[in-house]
Amino acid sequence: MNTISPDRSGPLALFSQRLEGVAGAERQQAVAALQRVGLPSRRVEAWKYTALRALGQTSLAAPAATYDVMAARAVLDDVLAAQDTLAGLPRLVFVNGRHAPELSVLSEAIKVTFFVDTLRFGTAAAPDRDPLVALNTALAEDGAQMQVEAGVDAGALLLLSIGLGGQDSTFSFHPRHAVVLEAGARLALLCVQAGQGAYFHNPVTDISVGNGAALEHVTLQLEGDAAVSLGTVYANVAGEGVYDSFALGVDGLLLRHEVHARLGASRAAVHVNGVQRLGATQVGDMTSVITHAAPDCISRQTVRNVLDGHARGVFQGKVLVEQIAQKTDGYQMNQALLLSPDAEIDAKPELEIYADDVRCSHGATVGALDDEQLFYLRSRGVPEAQARQMLIEAFLDETLALIAHEGAQALCRAMLARKGGVGASA
Amino acid sequence: MSQFLEISGLNARIDADGQEKQILRGVDLSIPPGEVHVIMGPNGSGKSTLSYVLAGREDYEVTAGSVLFKGQDLLAMAPEERAAAGLFLAFQSPVELPGVNNANFLRTAVNAVRRARGQEELDAVAFLKLAREAAKTLSMAPDMLKRNVNVGFSGGEKKRNEVLQMTLLQPSFAILDETDSGLDVDALRVVAEGVNRLRAPTFSALVITHHQKLLDYLVPDRIHVMARGRIILSGGPELARQIDQEGYAKFLSEAA
């Protein structure tokens, strides 16, 4: 049995009691890895811009076995009310990391098993490579394992995580999800992470996209206002497969969406797009590592940030092109609109290329709202606050248009309109 | 209300690259209701600055003088309040708004102004009907309502879009800042007709132009010549023809 020394400094101490009790080879291996490296400090390159201080000082317990049904229903209803086609979708609902069958609606096209029954960790996420994945491996309570059979178009599925926290952070949950699309299968997976109050949400999603299969994966971070949400996605994409990912960071104290995508056979495509709309003292981090491990693959990454107050946005995008990956077509763009002098964006693009016949480009821009555009709108009678809102929406418009699933795109727009206060009346 | 628009001793400057540059040096101008006035003058004389100051652009600092619009202190109002009060500026270089749909933009503007004027807002259907009719009258392609504001528009299309906005916002005082520049004869006529349709005893316009051509279609009541930040000469419509034939040099040396 591995043990964590109780006087060990750093955020790992918040979990020390729970880590002592883990059973099973994979979990113990994860604890051993955590003991070696700890949870990342800002001295670790991949966490240079994002500190885990927001996790607080108090030990984080496992979530309680029961939950407040009324509160969970209220969150569910609030999400469904934001976009009118959502209520008609099949859905899997998790409350504080545990499956809530009474709130879920199953689909015949998608085979679902639960982690709590299978204890299957998957293979993509190596525990010693990423401490937050190791933490998830050690503590995972539950999760959905979704499988679509070859050639089946399973439509859309809502995977809703509801976190019900109080004023101070007292517990954490570590869902372990998996998605398997067999050859030629299709699925649009809408992951909505909603909640209230303070908690730590640490999901890991292990994705396998088969030959010619297509997964659209839209993640909305609408967490509780004092919540910390650090999610990691590992996606392996086979030949001619498409992994089309979009993340929207809106609510939560500290948000990180980290994607590791591997293009494993030729003519595969990966899109890792996103929008962060943050204010006050929020920190949002979009990190990605895209590995081109086969020739003739495409990766596209477009991230836009709108930051107000003292908010800080982080973008880290690494594209690794292995020697075999000739004819790689890679594109990465990160743009930020800073609405206040105290807002900040930290952008770190990285290209690591070992093949000699590739096309990879990247870029970054930072700016404020354009005075001329603002004046033009105001000179047409549009009040200043509304004019600003119109220009913010315009800045985000073409990135949101990258979301192929109409309902998901409409949901993202609705959540942004909520965040912006006044939506354009037109 | 003695006059409709009363500009007295207006001085304004701009801070350009850390240097303050005085551009308006005592502009006096009165425009009665129902009249179309024209300002002509060499480049750099302050014509566009005057139009921006009247519309409320914040880059310019008014250092002296006053502007009364229908008895109100225009300079104390925000740009959107000026629009609601009935002022409209057709921009010399209309601004592109990527990501903003033209129809949404027009409807947002019209409803903002209607709200401020105490009128009922238009719903999407009623507005689109109105906008399509107005666009057709201006010989605009129907898809211009669906495109992003001024993005990818030709020079002529941008100017027509300005006139479309003017038509829909129903101003009582319009400033046209070189709206005719770069237009062919047909487009020129469309722009002039757009202004002529608004002409009424309660509507006035201030037209900034270099060319007599526009004034063939848009018969003005009065011509003003601006130079070095002031109005140096005013006269009837014949003054524009004289300038068109003889240039500004003669007037500038007389005024000096």
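## The annotated domain of chain B

UniProt places the feature "domain: ABC transporter" at residues 5–253 of chain B, in an unreviewed entry. The model described here is predicted. Over residues 5–253, chain B is 38% helix and 30% strand.

## Two helix pairs around α5 of chain B

Helix α5 of chain B spans residues 155–169, and helix α6 of chain B spans residues 185–198. Their axes are 10 Å apart, and the packing angle is about 10°. Angles under 35 degrees count as roughly parallel, so α5(B) and α6(B) are roughly parallel to each other. Their crossing is left-handed. From α5(B), the contact takes Gly156(B), Lys159(B), Arg160(B), Val163(B), Met166(B) and Thr167(B). From α6(B), the partners are Ala187(B), Val190(B), Val191(B) and Gly194(B). By class, this contact has 5 nonpolar, 3 polar and 2 charged residues.

Helix α5(B) also packs with α3(B), at an angle of about 30°. Here too the axes are 10 Å apart. The crossing of α3(B) and α5(B) is right-handed. On the α3(B) side stand Leu106(B), Ala109(B), Val110(B) and Val113(B). They meet Gln165(B), Leu168(B) and Leu169(B) in α5(B). The residues of this contact divide into 6 nonpolar, 1 polar and no charged.

## Where chain B touches chain A

The two chains meet through 23 residues of chain B and 20 residues of chain A. Which elements of chain B give two or more residues to this side? They are α2 (79–85), β7 (97–101), α3 (102–116) and α5 of chain B. The largest share comes from α3(B), with 8 residues.

So much for the elements; the residue classes follow. The side of chain B that touches chain A has 15 nonpolar, 5 polar and 3 charged residues.

## The annotated domain of chain A

For chain A, an unreviewed UniProt entry carries the annotation "domain: SUF system FeS cluster assembly SufBD core". The annotation covers residues 171–395 of chain A. Over these residues the chain is 9% helix and 60% strand. The end C-alpha atoms of the stretch are 37 Å apart.

## Two assigned domains in chain A

The domain assignment of chain A gives domain 1 (64–370) and domain 2 (371–426). Their C-alpha centres lie 24 Å apart. The contact takes 24 residues from domain 1 of chain A and 24 residues from domain 2 of chain A.

Which elements give two or more residues to the side of domain 1 that touches domain 2? They are the strands β8 (186–196), β11 (214–222), β13 (242–251), β15 (269–278) and β17 (298–307) of chain A. The residues of this side divide into 15 nonpolar, 4 polar and 5 charged.

## A helix pair in chain A

Helix α6 of chain A covers residues 371–379, and helix α7 of chain A covers residues 384–400. They pack at an angle of about 130°, with their axes 9 Å apart. That angle makes α6(A) oblique to α7(A). The crossing of α6(A) and α7(A) is right-handed.

Which residues make the contact? From α6(A) come Gln373(A), Leu374(A), Leu377(A) and Arg378(A). From α7(A) come Glu384(A), Ala387(A), Arg388(A), Met390(A) and Leu391(A). By class, the contact has 5 nonpolar, 1 polar and 3 charged residues.

Definitions and conventions
Residues numbered from 1 in each chain as written. Chains lettered and ligands numbered in written order. Predicted model: local features only at pLDDT ≥ 70, side-chain atom pairs only at ≥ 80, totals over all residues. Domains from an automatic or database assignment. Contact = placed C-beta atoms within 7 Å. Helix = DSSP H or I, 4+ residues; strand = E, 2+ residues; numbered from the N terminus. Nonpolar A, V, L, I, M, F, W, Y, C, P; charged D, E, K, R; others polar. Axes fitted to C-alpha atoms, helices over the stretch in contact; angles between N-to-C directions. Parallel < 35°, antiparallel > 145°, perpendicular 65-115°, else oblique. Left-handed = near helix turned anticlockwise from the far one by under 90°. UniProt positions renumbered as here; feature names shortened; annotations may be inferred.
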